[in-house]
Every structure is written in C-alpha cells, then in structure tokens.
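Here are a few notes to go with the structure you're looking at. Keep the viewer open and follow along point by point.

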Amino acid sequence: MGKYKGLMFKVATSVIVFSSFAMILVIYISLRRDIKENDRNGAVVINIRNVEEESSIITELATDMIKEETAIGEIKTKDFTYSFNPKAFTKGMILLDEESIMNMRIEDKISHMTLEEKVGQMFFVGVDGISGVKGTLNVDDKFKEKLHDFPVGGVIIFGKNISSEDQLKKLNADLMAEGALKNIPLFIGIDEEGGSITRISSKEGFDDIKNVGDMKNIGNSGDLHNSYDAAVYIADYLKEYNINLDFAPVADINSNPKNPIIGDRAFGSDPKEVSDMVEAFRKGLNDEGVASCIKHFPGHGDTETDSHKGIAVSNRTLDELKENEFVPYYRAIENDVDMIMVAHICVPKVTGDQTPASLSKTVVTDILRNELGYDGVVITDAMDMKAITDYYGQGEAARLAVDAGCDFILESQVCGEAYNTVLGAVYAGEISEERIDQSVRRILRLKYKYNKEVFE
C-alpha cells in the first residue's frame with residue numbers, strides 16, 4: 001500500500017506542477033492582446049489572431065520553452081500549428097518537437113527582415129551579376145558594398161570565376177562571410193553534374209579532381225551504387241571548396257534522339273530507371289551535406305531546341321508527361337527533394353499557349369505544386385537564356401516567374417532590373433508581401449535543413 005501511496009503522490013505532484021505551469025502560461029498569455037486561450041482535450045492551445053504580432057509572441061514564448069525544454073499544448077498561428085510532443089509527460093514536461101522549433105526560428109528571421117531583404121532572398125545570382133565585372137575572381141570592397149546593397153539568397157559559380165583551388169576556396173569563404181544576412185546563410189551553387197557539364201573537374205589546375213563521367217554511362221551500368229558514389233565524390237570536393245548546393249542531377253528522360261542539350265547528361269530513356277538513378281544521386285549529395293536541385297521540370301528530354309539558344313517546345317500532353325517525364329519527380333517529391341528547377345520550355349498542349357514553363361502558373365502552381373504536391377523550393381533556369389530574353393524583358397520575366405509560383409529567380413548576369421521590378425510590384429500592391437513571404441519561408445526552411453546551428 002505504501003508503494004501505491006508513493007506512486008499516487010508522485011503522479012499528483014506531477015499533475016500539480018504541470019497544472020501550475022499551464023496556469024502561469026495561461027495567465028501570462030491572457031495579458032497579451034489578440035491571444036485567446038482554449039482548453040482542448042486537456043491541452044492549452046494558444047491562438048494568435050493578429051499576424052503582425054505573431055512573430056514577436058511566438059519568439060517570446062518559444063525562447064523560454066526551448067531554453068527550459070518545456071512547452072504545453074500548441075501555438076496556432078495563421079500559417080502554422082506549433083505542436084509539442086507529449087512523450088516526456090512522465091518527466092513532468094512536454095518537449096518541443098523539431099519541426100516546431102524550425103518554424104519558430106524561421107518566422108523570427110522573417111519578422112526581422114525588411115521587404116528589400118526578403119525580395120533579395122529570392123534571387124540566385126552569378127558572381128559577375130553582382131560585381132558587374134566579367135570573370136570576377138575575388139570579393140573586394142566594391143563587391144562587398146554591392147552584396148550588402150543587394151542581399152541575394154544565393155550565388156552561382158561559373159568556370160570563369162575559377163582560377164585555382166586556393167582562389168576558389170577564398171572566393172566562396174568570402175562570399176559566405178559577406179553574404180550571410182542576419183545570420184541567414186548564403187547558398188553557393190554550381191553546375192557540377194559530371195561528364196560534359198562540370199565547372200571544377202574539367203578545370204585546369206584541379207588535377208586531383210576526376211570527372212565522374214556522363215550520367216548516360218552510369219545509367220547504362222544499371223548499378224545504383226555507381227550513381228550514389230558519383231554524387232558522394234562530387235559532394236566531397238564541393239564541400240572542400242565551400243559550395244553547398246549542386247544543380248544536379250538531371251532528371252530528364254532522354255526520349256528524343258534529336259535533342260541537342262540533354263543527351264549524355266540524362267541517365268537514360270526509361271522513366272523508372274532514370275527515377276531510380278536520380279534518387280540515388282540525390283541521396284548521395286544530401287548524405288554528404290550538399291543540397292541538390294533536380295532539373296529540368298516539366299521535362300527537357302523530348303524537345304529539339306536548346307533553350308539557351310531559343311524557344312524549346314515539348315508537344316507532350318499532360319497525360320503523356322505524367323507517364324514519362326514526371327516519373328522521376330514523383331519519386332523525388334516523395335523523398336522531399338531540396339529543390340526543383342523549372343525549364344524555359346513550352347508545353348502548349350498543357351498550357352494552351354507558348355508561355356515558358358518557368359513563367360507559367362499552370363505549370364508551377366497548378367501542376368507542380370498542387371497536382372504533384374511539391375511544397376519545396378522551385379527555381380527558374382537561368383533567365384539570360386534566349387528562350388526568355390528573345391521574348392521578355394528582364395524585369396517582366398522575373399515578375400511573371402514570381403506570379404507563376406517560383407521561389408528563386410536564377411540570374412547569372414546583371415539582375416538589378418529584375419530585382420527592382422519585383423520589389424516595385426510589391427510596393428504597388430501588384431504582388432502581395434504574403435506571396436513573397438511564402439517563397440522566403442521555403443528558402444529559409446531549406447537553409448535551416450543544412451545550417452541549423454546558424455539559426456539558433
């Protein structure tokens with residue numbers, strides 16, 4: 001009997017402690033305006049109705065909760081429900097789950113960003129696009145000033161920005177140091193696919209770095225380990241040079257022998273086999289701490305034009321795309337692929353017009369996001385390709401890409417007009433700040449995935 005009394009006393013004590021903490025929290029939040037406390041199945045639910053106050057309230061509450069490793073119930077906001085794991089209840093506390101911590105920290109970052117900074121996060125720009133100097137190799141004072149004035153979310157490195165191993169390491173280290181906005185890390189990306197598309201392994205002076213070869217050969221081997229190992233090898237040397245994102249692998253189905261741009265870059269012509277190879281390569285990069293970007297949605301393999309040189313058209317119907325080109329994307333989305341690049345190809349039998357996929361709300365929002373269920377980061381292909389520049393102004397194209405649902409605008413060259421156009425559209429009320437926040441939230445989620453410690 002004494003044992004049971006002791007147990008009952010412990011349980012009663014835990015309940016009293018738990019209830020006291022809950023009462024204190026309820027009293028505290030009841031003093032804050034625009035907050036309503038409800039009891040739902042014994043849990044304290046904090047409903048924050050005023051979006052403007054959301055971040056400061058969340059941050060204030062969460063800071064104490066995270067610090068003490070205690071929390072009660074849920075914090076519900078306009079965009080998220082911050083839930084708490086009840087597994088530790090027997091210890092007299094409820095631990096905050098990892099996703100809730102991430103959401104809180106990201107909302108805190110967004111709340112402290114200016115509109116200019118948020119729009120800047122949506123641009124992924126070439127080194128030369130920031131410096132204004134072709135073949136920029138280092139970050140000087142003038143470059144730093146421009147980077148501070150135009151706080152981009154990512155920088156892409158091209159072969160012309162590489163002269164030696166030490167130079168590349170220093171360039172990227174300086175970019176990371178100068179480009180980190182309010183403890184938000186910078187993405188430094190590169191096209192390092194292997195085979196014909198590489199910036200490092202094909203560069204003179206990098207003799208110790210081998211080229212892993214064309215993806216076609218890896219696909220023909222039929223061995224998924226070859227795809228995985230190639231990605232691991234690439235990721236290892238990218239990290240050595242301070243690069244944290246690879247615009248790879250190519251997820252296109254090489255179904256048209258007249259295609260001038262995909263060819264050996266694709267793993268093959270069978271959708272299932274390509275899907276397996278893409279997934280192995282993606283996993284290899286991610287396992288080594290490098291973000292991946294599969295490309296080129298909705299599928300560049302069945303075109304007969306290089307979109308670098310002009311408009312490219314796929315005459316696939318939506319049903320045909322679902323049976324072929326979309327197969328690798330279904331698998332990648334199921335596995336939370338980091339980023340998807342949308343091509344500048346036209347799919348008139350899907351959209352009903354000649355709008356490039358990267359600028360089409362039908363393709364990006366209706367199909368990729370809503371139908372395929374992708375809520376990760378979407379990036380355009382480079383906006384200086386002739387498929388875009390022959391038909392659209394820089395600012396117009398950027399604005400249309402945002403309207404379509406893209407998060408990152410990839411501008412390898414000068415980008416001032418594009419940035420100013422998007423920013424001006426927000427000021428004019430033509431693009432809502434909420435729409436900008438959606439993209440920034442996705443981008444910061446991905447940055448958090450690979451740089452949690454920076455957000456703490």
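1. Start with helix α14, which covers residues 361-371 of this predicted model. Its buried residues are Val363, Val364, Thr365, Ile367, Leu368 and Arg369. At the start of α14, Ser360 has a side-chain oxygen that comes within 3.3 Å of the backbone nitrogen of Thr362. Just after the helix, you'll find Gly373 with a positive phi of about 80°.

2. Now for a pair of helices. Two packed helices are described by the angle between their axes and the distance between the axes. For α9 (224-240) and α10 (residues 271-287), the axes come within 7 Å and cross at roughly 30°. Angles under 35 degrees count as roughly parallel, so α9 is roughly parallel to α10. Their crossing is right-handed.

3. Who touches whom here? On the α9 side, the residues in the contact include Leu224, Tyr228, Val232 and Ile234. Among their counterparts in α10 are Met277, Phe281 and Leu285, along with Asp276 and Lys283. The residues of this contact split into 11 nonpolar, 2 polar and 3 charged.

4. Last stop: Asn244, in the loop between α9 and β9 (245-246). Is Asn244 buried or exposed? Its relative accessible area is 15%, and buried means under 20%, so Asn244 is buried. A polar atom of the Asn244 side chain lies 3.1 Å from the backbone oxygen of Leu186. Setting aside neighbours within four places in sequence, Asn244 is in contact with Met176, Leu186, Phe187, Ile188, Val290 and Ala291.

Conventions: Residues are numbered from 1 along each chain as its sequence is written. This is a predicted model: local features need pLDDT of at least 70, side-chain atom pairs count only at pLDDT 80 or more; totals for chains, interfaces and linings use all residues. Side-chain values use heavy atoms; hydrogens and water are left out. Helices (H or I, at least four residues) and strands (E, at least two) are DSSP runs, numbered from the N terminus. Buried means under 20% relative accessible area, exposed over 50%, partly exposed in between (1.4 Å probe, protein chains only). A polar contact is a pair of N or O atoms within 3.5 Å; within protein, one must be able to donate a hydrogen and the other to accept it, and residues adjacent in sequence count only if both atoms are side-chain atoms. Contact means heavy atoms within 4.5 Å. Axes are lines fitted to C-alpha atoms, for helices over the stretch in contact, and angles run from 0 to 180 degrees between N-to-C directions. Angles under 35 degrees count as roughly parallel, over 145 as roughly antiparallel, 65 to 115 as roughly perpendicular and the rest as oblique. A crossing is left-handed if the near helix is turned anticlockwise from the far one by less than a right angle, and right-handed if clockwise. Ala, Val, Leu, Ile, Met, Phe, Trp, Tyr, Cys and Pro count as nonpolar, Asp, Glu, Lys and Arg as charged, and the others, Gly among them, as polar.
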